[in-house]
Amino acid sequence: MRDKRIKLIYFSLGGSEVKDIALDWKKLILLSSMLLIILIFIIGVALSFFTDTFDNMKISSLEKVNFTLSSQLIEMRKQINQVESRIQQLEGEDDQLRMIAGLDTIDQDMRLAGVGGPEYVYNEDLNYFSADLGTHVFETKDLIDQLKNKIQLLTESREEIFDTLRAKENEIKHLPTIKPVRIGRITSHFGTRIDPFTEQRTVHPGIDIGAPVGTPVFASADGIVTRINRSYKKNKGYGKLVEIDHGNGLKTKYGHLDKIKVKHGQKVKRWEVIGEVGETGRATGPHLHYEVVLFDKRVNPIMYFFE
Ligand SMILES: [Zn+2]
């Protein structure tokens with residue numbers, strides 16, 4: 001066994017003196033325990049100090065992040081507002097185009113309601129934000145949803161406009177909108193008139209355009225040649241005649257022609273030369289007798305002229 005005594009040397013004023021102090025294990029353990037407790041306490045204090053400092057640093061860094069995010073959010077909101085005003089412009093243009101296409105405009109309620117899709121639900125995570133920030137985030141998300149809906153609606157509307165205009169363009173192509181003889185004036189209008197042959201009051205079912213023999217006659221709209229009459233009797237009927245079917249119950253007839261330049265069943269386009277002005281049939285001079293027939297009823301061709 002080792003010597004359990006510890007020699008302590010201390011110096012007094014009057015010189016040196018050696019004193020043995022007997023320390024048994026119990027005292028040693030007590031002393032060590034106290035030292036240990038003090039050490040732990042010091043470490044604890046130091047640790048808590050550093051933790052506090054670290055936490056403070058962390059908090060201040062998070063505060064910075066929070067501040068940056070808030071200002072970024074405000075910045076994004078500004079940009080969203082810019083996008084929104086651009087969308088408003090597009091909505092105005094959409095209204096105009098819809099009117100041109102003959103479609104009803106979309107009212108603002110409908111635009112706001114959008115075309116469906118999931119509604120944004122308040123997220124519990126937003127509770128972590130301050131009340132102000134939470135509202136801000138929620139509103140921003142809502143705004144983005146609204147814009148998405150508006151864009152979706154604009155896209156669908158544009159498709160509808162294009163489809164309608166394409167259909168209309170096709171319809172317009174088949175409307176007899178031009179005077180079939182460019183030179184020459186209308187010498188006889190549609191309606192009742194004194195017949196030049198009988199001098200009786202009769203109905204003139206078309207218009208007469210006076211022009212020299214050989215003047216080109218154009219198809220007044222797209223269509224299919226459904227009738228050609230080459231044989232005629234002098235001073236009787238339409239003379240040499242072309243009839244074009246334009247669909248939708250519309251037909252045009254071109255009478256007293258000198259020459260016919262199309263065949264039965266031929267597809268013709270507006271401005272295509274179908275014949276030449278003549279004075280065949282019941283005509284007192286060279287002219288084109290032009291008729292527009294709508295569902296077997298002859299109507300005034302002037303109603304269709306765009307020019
Ligand atoms: Zn006539």
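**Briefing: helix packing, a hairpin and a nonpolar core**

Asparagine 248 counts as exposed, with 10 C-beta neighbours inside 10 Å, where exposed means 12 or fewer other C-beta atoms within 10 Å of the residue's own, buried means 20 or more, partly exposed lies in between, and C-beta atoms are placed from the backbone. The model is predicted, and local features need pLDDT of at least 70, side-chain atom pairs count only at pLDDT 80 or more, and totals for chains, interfaces and linings use all residues. Residues are numbered from 1 along each chain as its sequence is written.

**Helix packing**

- Helix α1 (residues 25-100) packs with helix α3 (residues 131-173) at an angle of about 25°, and their axes are 10 Å apart; axes are lines fitted to C-alpha atoms, for helices over the stretch in contact, and angles run from 0 to 180 degrees between N-to-C directions.
- That angle makes α1 roughly parallel to α3, a class for angles under 35 degrees, whereas those over 145 count as roughly antiparallel, 65 to 115 as roughly perpendicular and the rest as oblique.
- The contact of α1 with α3 has, by class, 15 nonpolar, four polar and six charged residues, where Ala, Val, Leu, Ile, Met, Phe, Trp, Tyr, Cys and Pro count as nonpolar, Asp, Glu, Lys and Arg as charged, and the others, Gly among them, as polar.
- Helices (H or I, at least four residues) and strands (E, at least two) are DSSP runs, numbered from the N terminus.

- Strand β4 (residues 191-194) and strand β5 (residues 201-204) run antiparallel and are joined by four bridges, two strands being paired if DSSP finds at least two bridges between them.
- Glycine 191 has histidine 204, in β5, as its bridge partner.
- Six residues lie between β4 and β5 in the hairpin, and glutamate 199 in the turn has a positive phi of about 60°; glutamate 199 is exposed, with 8 other C-beta atoms within 10 Å.
- Asparagine 248 also has a positive phi, of about 50°, although it is not a glycine, and its place is in the loop between β9 and β10.

**Nonpolar core**

- The largest nonpolar core has 19 residues, and those with the most contacts inside it are Val181, Ile209, Val217, Val242, Tyr254, Ile274 and Leu288; such a core is a set of buried Ala, Val, Leu, Ile, Met, Phe, Trp, Tyr and Cys residues joined through C-beta atoms within 7 Å.
- Two or more residues of this core come from each of β6 (207-210), β9 (240-247), β10 (250-260), β12 (273-277) and β13 (287-294), and β9 gives the most, with three residues.
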